[in-house]
Amino acid sequence: MERVFDGTAVIQTTNMIEVKKEGVLLRKTELEFENEGVLNPAVIKEGNLIHLFYRAVRKGNFSSIGYCKLDNPLSIIQCNDKPLLSPEYEYESHGMEDPRIVKIDGLYYMTYIAFDGDNALGALATSTDLKHFERRGIIVPKITFTEFSLLTQNNPPLNKKYLANNPGANILANKDFVFFPRRINGKLIFLHRIKPDIQIAAVDELSTLDERFWKEYFTHLEDHIFLCSKYPHEIEYVGAGCPPLETKQGWLIIYHGVKTTEKRYEYSCCAALMELDDPRKEIARLPYPLFKPQLDYELTGDVDDVCFPTGTAIYGDTLYLYYGAADDIIAVASVSLSGLINELLQHKD
C-alpha cells in the first residue's frame, strides 16, 4: 500500500528554539493490523536509509510492530503490508507496543512494551540484520506494589506518586524501556520508567538481571533515579523517549513530560543533557517543552493532546524527531542540533 508524506511544515518557536513541525509521515490504513492507529516508532539510520519500526494497532487495541523504509527523513520507499513482529508469547499476547532501537557492538537491540492484557513490562528482541529478531523476553522486573513498597521503605522519602501507582497486588507497570547506544565504562545501560520518574540500570551482561540484582536495585532506588519532574510542563510524571544521542557536550536526552490540563493530560517533547561518563549526572535541562501539542493532529485523536517522541535521525546539523501524535498517527519535527545543545547549555544546573 502506497504511503505518501502528508503535511505542510509549520514553524514554531519556543523561547529561543525554532522547531519545524514537518507534518504527518504515517497514518492508519484499512489493513487489519493497523486499522486503529499507527504511532510511537523506533527509528535507526543506516547509511542513507532510515528503518522505521512502528506500533501498529488493530481494532480491540491489539498491537504489533510494522515496518517502513525511508530514503530521506520524509520519504517512504517501502512499507510492509503485514507486521514485521507479532505477539508469539503470553507475556505479549495483547500487544507489542512503543518500540525503540539501538545498535550496540554490532547487534540491534529493539526494546518494546509487552502487554498481556493486564501487565505492561519492558521486553527485548535482538537482530543482526533488522529482518530477523530473536525474542529475549521480559527484561525489567515483575514486581508487585507490595514488594516494591517493602523493598523501598528504607530509601530516603520517595515521591508519593510511587506509592499511589498500581495499588494492591497488581504488577507495577514498567514502561519506556530504552538502551543507550553503546556501553559506558564497559556496561550496558538502559532507562525504564516506573511512574513518576525515569530510572536507570547498568549491567555487565543482561544475564545478571536476576532476582538478587533487582532486590538490591530497589533497596537503593534513590541511586537509580535518572530524571524526575522539575518544571510545570512535566509536573505529573516523565518518561524516556528516544534513545540517547551522544554529543561532545554530553548525552542528549529527548523524553516526554506530562502535565494535567483542565480536561486531561498533556504530553510534551522535552530535552536534557547528561554527562557522558556518568549519565546519571544532569548537566542541563530545558525549563520549557521543546515542543508540545498545538496542531490539529496532535490535539485530537485516540488520546488527545499527545506528542510522544520515540526516534531520531540526524542529517548534517538537523535533528529529525519522530513521534506519535494523539496516539493516532506518526509525525515528524526537526530542529538544529547545535542550536538545541547551545540552548540547553544556557540552562545548566
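The model is predicted, and its protein chain is built from 5 helices and 22 strands. Among the contacts in the protein chain with a separation of 6 or more, 53% are accounted for by residues 24 or more positions apart.

The table collects values for the whole chain.

| Property of the protein chain | Value |
|---|---|
| Span of the C-alpha trace along the principal axes | about 55 × 50 × 45 Å |
| Residues that count as buried | 55% of the 349 residues |
| Accessible surface | about 14800 Å² |
| Part of the accessible surface belonging to carbon and sulfur atoms | 47% |

As to charge, the protein chain carries 37 positive and 50 negative side chains, and the centres of the two sets lie 2 Å apart.

Helix α1 shows burial in detail. In this helix, which runs over residues 145-152, the buried residues are F145, F148 and T152. These residues lie on the same side of α1, because they cover an arc of only 65 degrees around the axis. An α-helix has 3.6 residues a turn, so residues three or four places apart point the same way. The cover over the buried residues of α1 includes two further helices, α2 (160-163) and α3 (211-219).

Methods. Residues numbered from 1 in each chain as written. Predicted model: local features only at pLDDT ≥ 70, side-chain atom pairs only at ≥ 80, totals over all residues. Heavy atoms only, no water. Helix = DSSP H or I, 4+ residues; strand = E, 2+ residues; numbered from the N terminus. Buried < 20%, exposed > 50% of the residue type's maximum accessible area, 1.4 Å probe, protein only. Contact = heavy atoms within 4.5 Å. Areas by Shrake-Rupley, 256 points an atom, 1.4 Å probe, with all protein chains shown as cover. Lys, Arg positive; Asp, Glu negative; His and termini not counted. Charge placed at Lys NZ, Arg CZ, Asp CG, Glu CD. Arc of directions from axis to C-beta.
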